[in-house]
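Hello,

Here is the structure for you to look through. My notes on it follow below, so please open it first and keep it beside them.

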Amino acid sequence: MTADTPIRILANASASRIIGRELTRRGFLSAAVAVGAVGALAACTPTSTGGSPQASGGPLENKLSIYTWGEYDAPEVMSAFTSELGPQIVIDSFSSNEELISKLVAAKGTSGYDIVVPTGTFIPQMVENGLLTKLNRDLIPNIEHMDSAFLGRDWDPNNDYSICKAWGTTGFVYDKSVITRELKTWNDFLDAAQNEASGKTSVLDDPGDITGIYFWANGIDWDTTDAGNLDAAEEYLVNTLAPHLAAFDSYPGGQSIPQATMTLMQVWNGDARIGILEGGEPDRWQWVLGAPVTEIWMDNWAIAAGAPNPEAAHAFINYVLTPENSLAELDYIGYHTGGTDIEQAANDAGFEMLDLVFFTPEQIATMRTGKVTEAQGRLVDIWNKMKAAAGA
Amino acid sequence: MRSPRFALAIPAWAWLVLFFVVPVGYVIWFSFGYKPGIFGTHANDVLSFDRYVEALSPTFFQTFLNTLWVGLAGTALCLLIAFPVVYWMAVKVSPSKRGLLIALVMIPFWTNFLVRTIGWQVILAPEGWLSTGLNTIGVLDGPLEILYTRTAVLIGVVYNYLPLMILPLFVAFDRVGAPLREASKDLGAGPIATLARVTIPLARPGIIAGVLLVFIPLMGDYITATVLGGAKGNMVGQLVASQFQTAQNWALGSAMAVLLMLVIALSVAIGAVILWILSLPFRSAHRLVLGPES
């Protein structure tokens, strides 16, 4: 892990790698967050009565709290921000947009989080429900370093509330020492999950991505609201697939790949790259981009309504958008950050496994953007039932 | 002077009301409501038992059964492991060394619960050191397939809750004291009879306390199952958490939480009745009546 981690543990070389990884990983973070959630909510006091504090370029607060996806920020960028500009950063992580939204909804502007990182498709409803506060773009001049292809998307055409943080896609990784045939599509994934990889398969802990597997494999629109399609998806996922699943894990790159706990894992590309690089057996694992279609998602920097440290939040977003920091982030998280010419910079820097970070125009053409529809509640319902059925 | 005595109890009552009665009241109230839409968590304008019906549907009911199984098996294993250890600590070991042994039991307990559980994740991984070691000495052929099963959860909960069983048992055994055992021996009882007729009956409150201290929190455990259980070792705690955190369905989550409380209360009540029935013949046979002979 990084050299600047402040925790010091004496252990032998192989154990220290595992410990270091474990201490920062999703398991630790998300469980700690979940357990601490009630306390955290209770401890946070609203800094304003009604309305959200808007940054105006005043002095930075001495704290900054970020609620984001697991393993999603380069530690060296975080610590450089603190040493250059002052605010101490506290990071919490979530596994799905639903989890993020539920915490913001429950806290009603007193979550205590400054920066949140929702996926683009969820932004319109989050704005409508008053969960996000408008950005003061005067404080974020570094947006000029962003590739315009990743700005002004449907969900926020003027980037009033959000700026691209990273984008990626969904596929799967399998253990070639167990699955000897070649898997290429979501149908292959579903077939292997019920055969060679039965009981050793994990899927993302995210309602949209779990149900996506079925829709993508069967050529059904991912944003379908048709009751027949949803019923068929539920029937298949809950009764046929779920009994073969071993885990619902949004970050298999954290442990499942390095420790070879699973044989087949649905995974986001950057997490797959982290896991394969850390596992030390790159030839054992095969990454497959979901096919015939899969998703493209874009996560965005945004500021939560009622953020207690809005100045620091703007300063941070501005800070990470510089080309150097954007590249450092890409190196660590393994996702395209949307910076101008970053592919060239990453190649020049000699980063490994860039085929899991950058995709060809033909590949991008197979990727679909999700949509939050009235079926959202139903998808969450299916996801819940799958979890219960997998444990039966 | 009644009022000062009452005044002393006010903090305790306030604590109980504010942090137990009110929150549980809210949970019960929410459980009769419903989820109004994607961005609403609960609404109570229409009251019904529908959430309970939903929570008891076959899909979720299975998780309740699994949880009860882990709860009962985990508590039984804790008792089986703790009993001989505590007996040895309280009876066989010299009193000067007992403090040290208690400290050894307690020190791991002071380590963060989550870190200890994640430690087991590393140990039980199919290519972790335990798996490799068992393969090397030939006990096992092929990787250890325990992680992300109910067995892993069981191992985790026994490890995590064992100190909660050992401590009350130790206090109870320690309190029985050597003089009573010696008296029993003087009166002709062998070691087994002494254990069955003197030590265990006198230590019974400690045993019951240990069982309750382990069983109740274990049934609501969420961390161990999340870290070690994967999809197969699902427990109700996770269902409740996912209803609140991800599904944002506070009504259904509350109904599940209330059902979990009922399951726990019912299990404890059934256990108490069984214990009472079992002790009936024993009690009448050994009643000692002290008083003037008539």
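**Packing around one helix of chain A**

The buried residues of H10(A) pack against strand E1 (63-69), H3, strand E3 (115-116), strand E5 (163-175), strand E10 (294-304) and H11 of chain A. Please keep in mind that this is a predicted model.

Which residues of H10(A) are buried? They are Pro310(A), Glu311(A), Ala312(A), Ala313(A), His314(A), Ala315(A), Phe316(A), Ile317(A) and Val320(A). Because nine of the eleven residues of H10(A) are buried, this helix is largely enclosed by the rest of the structure.

Helix H3 of chain A, residues 75-85, has Val77(A), Met78(A) and Phe81(A) as buried residues. These three lie on the same side of H3(A), because the arc they cover around the axis is only 105°. Their packing partners in chain A are strand E2 (88-94), helix H10 (310-320) and helix H11 (323-333). Just after H3(A) comes Gly86(A), with a positive phi of about 110°.

**Chain A as a whole**

Chain A has 14 helices and eleven strands. Of its 392 residues, 51% are buried. If you take the contacts in chain A between residues at least 6 apart in sequence, 78% of them join residues at least 24 apart.

The chain is divided into two parts: domain 1 (8-167 + 298-359) and domain 2 (169-295 + 366-390). How many residues of each domain take part in the contact between them? Domain 1 of chain A gives 20 residues and domain 2 of chain A gives 22. On the side of domain 1 that touches domain 2, seven residues are nonpolar, seven are polar and six are charged.

**Chain B as a whole**

Chain B is built from twelve helices and zero strands. Its radius of gyration is 24 Å, well over the 19 Å that the globule rule gives for 294 residues, so chain B is more spread out than a compact globule. The C-alpha trace of chain B spans about 75 × 70 × 40 Å along its principal axes.

In chain B, buried residues account for 36% of the 294 residues. Among the contacts in chain B with a separation of 6 or more, 69% are between residues 24 or more positions apart.

**One residue in chain B**

Leu162(B) belongs to helix H7 of chain B, which runs over residues 150-176. Is Leu162(B) buried or exposed? It counts as buried, because it has 22 C-beta neighbours inside 10 Å and the cut-off for a buried residue is 20 or more. Apart from neighbours within four places in sequence, Leu162(B) is in contact with Cys78(B), Ile81(B) and Ala82(B). Gly190(B) is 28 residues from Leu162(B) along the chain, and the C-alpha atoms of the two are separated by 30 Å.

**Where the two chains meet**

The contact between the chains takes 34 residues from chain B and 34 residues from chain A. Which helices of chain B each supply at least two residues of the side that touches chain A? They are helix H3 (58-92), helix H5 (113-124), helix H10 (223-228) and helix H11 (236-245). By class, the side of chain B that touches chain A has 17 nonpolar residues, 15 polar residues and two charged residues.

Regards

Key. Residues are numbered from 1 along each chain as its sequence is written. Chains are lettered from A and ligands numbered from 1 in the order in which they are written. This is a predicted model: local features need pLDDT of at least 70, side-chain atom pairs count only at pLDDT 80 or more; totals for chains, interfaces and linings use all residues. Helices (H or I, at least four residues) and strands (E, at least two) are DSSP runs, numbered from the N terminus. The radius of gyration is taken over C-alpha atoms; the globule rule is 2.2 Å times the number of residues to the power 0.38. A residue is buried if 20 or more other C-beta atoms lie within 10 Å of its own, exposed if 12 or fewer, and partly exposed in between; C-beta atoms are placed from the backbone. Two residues are in contact if their C-beta atoms, placed from the backbone, lie within 7 Å. Ala, Val, Leu, Ile, Met, Phe, Trp, Tyr, Cys and Pro count as nonpolar, Asp, Glu, Lys and Arg as charged, and the others, Gly among them, as polar. Domain bounds come from an automatic or database domain assignment. The arc is that of the directions from the helix axis to the C-beta atoms.
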